[in-house]
Amino acid sequence: MSYPAEPYKIKVVEPIAMTTRKQREQYIKDAGYNTFLLQSKQTYIDLLTDSGTTAMSDNQWAGMMLGDEAYSGSINFYHLQDTVAEYYGYKHVVPTHQGRGAENLLSSLLVKEGDYVPGNMYFTTTRAHQERNGATFVDIIIDEAHDSQKDLPFKGNIDLSKLEKLINEVGADKIPYVCLAITVNLAGGQPVSMANMREVSKLCKKHNILVMYDATRCVENAYFIKDREPEYKDATIAAILKEMMSYSDGCTMSGKKDCLVNIGGFLCMNDDELYQRASELVVLFEGMPSYGGLAGRDMEAMARGIVESVDFHYIHHRIAQCRYLADKLEAAGVPIVKPVGGHAVFLDARAFLPHVPQEQYPAQSLAAELYIESGVRSMERGIISAGRDRKTGKNHMPKLELVRLTIPRRVYTYAHLDVVAESVIRLFKHRDNIKGLDMVYEPKFLRFFTARFEPLK
């Protein structure tokens, strides 16, 4: 594809850190070789996450000045509610401080001990909330999603036969909802086809099972449908998005991604009774149903971000940036997940470091070495992110052992991505010198955030 120029011009600049290799060696050591524990002022190009790292527009910043900070009934809530209804089609919206707040509400409302929640590959916080409420997560994504080199247009699709098998084995009454992620982060940002969403909805309706989307990167998914499903090539992103959501009963949303804001999220649903229960529970965990842990100004920025997110020029450029970086790495022989997703390029750490066994955390080691090499901060998505089985205590052993190079929205230029590519390629040429790590501190929950490591001798 061609790489379009940025569909925006830069109005405000923020200086970034210029460090030496010696400094970075000390910084990563102090951080326990965990890139999450680095300070942002120690980071040159920050590809840790696209969550909350968006550069907001002048229109969004203008909206921030119109924040109605009333404790109840803020006008910004009603603007957000109307915008969600217009672009996503849901009847009810409950604001939350961010996406995991919505995940907590959903799991608390619908999950009970002994339930099973099937989904197209787990996401860390989503599964943690499901398990905390007594459920067992069951991966029903197509098998090809676990193969980094399999190049399919919709590797995020649910395998309907796996879903039917689970329903037959445990009973529909043990499945409170199907968690369908659009796109699938841990598979490499892989999208789900409209056809698959339609079939999942049909099957679940047959068994009276809810379909709840993790809609965090739904606009990116809509772009891939336009690009890869022929019947949608002439449809607008907004029209595709609206149809996608029509095949679900609700969604959780981290507004820090495709809603183009630095904080915020929401839980959506169409069922009146579920909304009433959510409105009662949100008061306990977040705040009033009309703000849910957010300031009025943040809800206003999110409402405006939803509108901006469906602009084709914006999303086309965003996807192009990922492909630009991926193309440079592929040309140099660097192993990455194929096809390239919408929010990041994922390095295949197993193929990059075949001499480092999974028990020595190759993805974590590679992320630390990339930081030392260039000041580029990335993150592990492998055995550490997968965590432990809550019953046996043993490590989950995912087939994918990845390092995520996550591109923030409207933040970096192609020149920054050139630096990233050159850094990874240099590291790849000297990959035999990279050793594994030993975990010396492991928290009970979501260990990838705060675990600490030491290099193996």
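Reply: α4 (99-110) gives the most to the lining of the largest cavity, with three residues. The model is predicted, so local features need pLDDT of at least 70 and side-chain atom pairs count only at pLDDT 80 or more, while totals for chains, interfaces and linings use all residues. Residues are numbered from 1 along each chain as its sequence is written, and side-chain values use heavy atoms, with hydrogens and water left out.

Me: What makes a space a cavity, and how many are there of 30 Å³ or more?

Reply: On a 1 Å grid over the protein atoms alone, a cavity is a set of points where a 1.4 Å probe fits but cannot get out. A volume is the space filled by probe spheres set on the points, which are joined across faces, edges and corners. By this rule there are five cavities of 30 Å³ or more.

Me: How do you know the class make-up of the lining of the second largest cavity?

Reply: Ala, Val, Leu, Ile, Met, Phe, Trp, Tyr, Cys and Pro count as nonpolar, Asp, Glu, Lys and Arg as charged, and the others, Gly among them, as polar. By class, this lining of the second largest cavity has six nonpolar, four polar and two charged residues. Arg-127 and Asp-214 are in this lining, and by the definition both count as charged.

Me: What makes a space a pocket instead, and what volume has the largest pocket?

Reply: A pocket is an open set with protein on both sides within 12 Å along at least five of seven lines. The largest pocket has a volume of about 1,400 Å³. Of its 36 lining residues, the closest to the centre are Val-12, Glu-14, Ala-55, Arg-410 and Val-411.

Me: Which element gives the largest share of the lining of the second largest pocket?

Reply: α5 does, with seven residues. This second largest pocket contains about 590 Å³ of space.

Technical notes
On a 1 Å grid over the protein atoms alone, a cavity is a set of points where a 1.4 Å probe fits but cannot get out, and a pocket is an open set with protein on both sides within 12 Å along at least five of seven lines; lining residues have an atom within 4 Å of a point. Helices (H or I, at least four residues) and strands (E, at least two) are DSSP runs, numbered from the N terminus.
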